[in-house]
Amino acid sequence: LRVSRGFQERLHAWAFAQLERRDATSTQQLLQFLTRWLVKLCTAEQVVTWWLRAVDAANSWSFLLASLPAASAASECDERLHARVAELLEGDTCATPARADAVLLAFAALWPQKVLSQVGIAAWLPLSRRRASPPPSVVSGTLASARTAESAAHINDALAPEAEMARVLAAHPLMHKTKTKREFEQLEDWVLRLEPRLLRAAPVQARLVELLCATWSDRARLLVLCEKFAFKLLVVSETCAR
């Protein structure tokens, strides 16, 4: 589609404005807007600048991986996209092998020569025969919830999960004393659904132990949580020992 430069600039400005409407804009809407409109109507430079800002606003690895192919195709694989993803992956000190693998496969499809020079021909050949997995489903929520949500799903998906978990725990300094029903459900969500890698941090382990040692009303469910937590700690200790 051919549109005027003025239209492109207005659309680009409007797209940036949506990133500020945190309570009304969801990560799914951002992905749909990028793939249906922005890549077709805006310039490559406009797509790149918007995508870089959108990734930070969404605070979501699932959004990043789902939107990267479209943004790269529209910008002829702009190097700034590669640099930003590589920077985020390096900063995610507890990234799962699955996430690192997904990023590597995406890089191999979009920047093959760069990956070849980094990993060497021996590692490149089997990698080049693999197909990247379909992008993960984007974790639902508004841009506001991406920065304030406290569910395990949002913490696991955050660009810096360790920092996100520390923020969430700091927001509940008296949870072991107030012990409401909602707080127990929150604790249950963390214990059952947080990725084990997030328990490597000693402060997180200590705080969850403190919460599990508190006297909650539902002792049967608490016992189950203690067993699940102990198993996750065992997984973490075995992984670190390798």
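Q186 lies in helix α13 (residues 181-193); helices (H or I, at least four residues) and strands (E, at least two) are DSSP runs, numbered from the N terminus. The model is predicted, so local features need pLDDT of at least 70 and side-chain atom pairs count only at pLDDT 80 or more, while totals for chains, interfaces and linings use all residues. Residues are numbered from 1 along each chain as its sequence is written, and side-chain values use heavy atoms, with hydrogens and water left out.

With a relative accessible area of 11%, Q186 is buried; the term buried means under 20% relative accessible area, exposed means over 50%, and partly exposed lies in between (1.4 Å probe, protein chains only). Apart from residues up to four places away in sequence, Q186 touches E150, S151 and M175, where contact means heavy atoms within 4.5 Å. Q186 and A206 are separated by 20 residues in sequence and by 17 Å in space, C-alpha to C-alpha.

Helix α13 packs against helix α14 (residues 202-212) at an angle of about 130 degrees, with the axes 11 Å apart. Axes are lines fitted to C-alpha atoms, for helices over the stretch in contact, and angles run from 0 to 180 degrees between N-to-C directions. The two helices α13 and α14 are therefore oblique to each other; angles under 35 degrees count as roughly parallel, over 145 as roughly antiparallel, 65 to 115 as roughly perpendicular and the rest as oblique. The crossing of α13 and α14 is left-handed, a term used if the near helix is turned anticlockwise from the far one by less than a right angle, with right-handed used if clockwise. L187, W190 and V191 of α13 make the contact with L208, L211 and L212 of α14. This contact of α13 with α14 has six nonpolar, no polar and no charged residues; Ala, Val, Leu, Ile, Met, Phe, Trp, Tyr, Cys and Pro count as nonpolar, Asp, Glu, Lys and Arg as charged, and the others, Gly among them, as polar.

Two further helix pairs were examined. The axes of α4 (residues 61-74) and α5 (residues 79-91) come within 11 Å and cross at roughly 165 degrees, which makes α4 roughly antiparallel to α5. This crossing of α4 and α5 is left-handed. On the α4 side, W61, L64, L68, A71 and S72 meet L81, V85, L88 and L89 of α5, giving eight nonpolar, one polar and no charged residues. For α7 (residues 112-119) and α8 (residues 121-129), the axes come within 7 Å and cross at roughly 135 degrees, so α7 is oblique to α8. The crossing of α7 and α8 is right-handed.

The largest nonpolar core has 40 residues, and those with the most contacts inside it are L38, W50, W51, F63, L64 and V85. A nonpolar core is a set of buried Ala, Val, Leu, Ile, Met, Phe, Trp, Tyr and Cys residues joined through side-chain atoms within 4.5 Å. Beyond its neighbours within four places in sequence, L64 is in contact with W51, V55, V85, L88 and L159. A second, separate core of 23 residues includes V191, V204, A214 and L222.

Overall, the protein has 15 helices and zero strands. Of its 242 residues, 42% count as buried. The C-alpha atoms fill a box of roughly 65 × 50 × 25 Å, taken along the principal axes.
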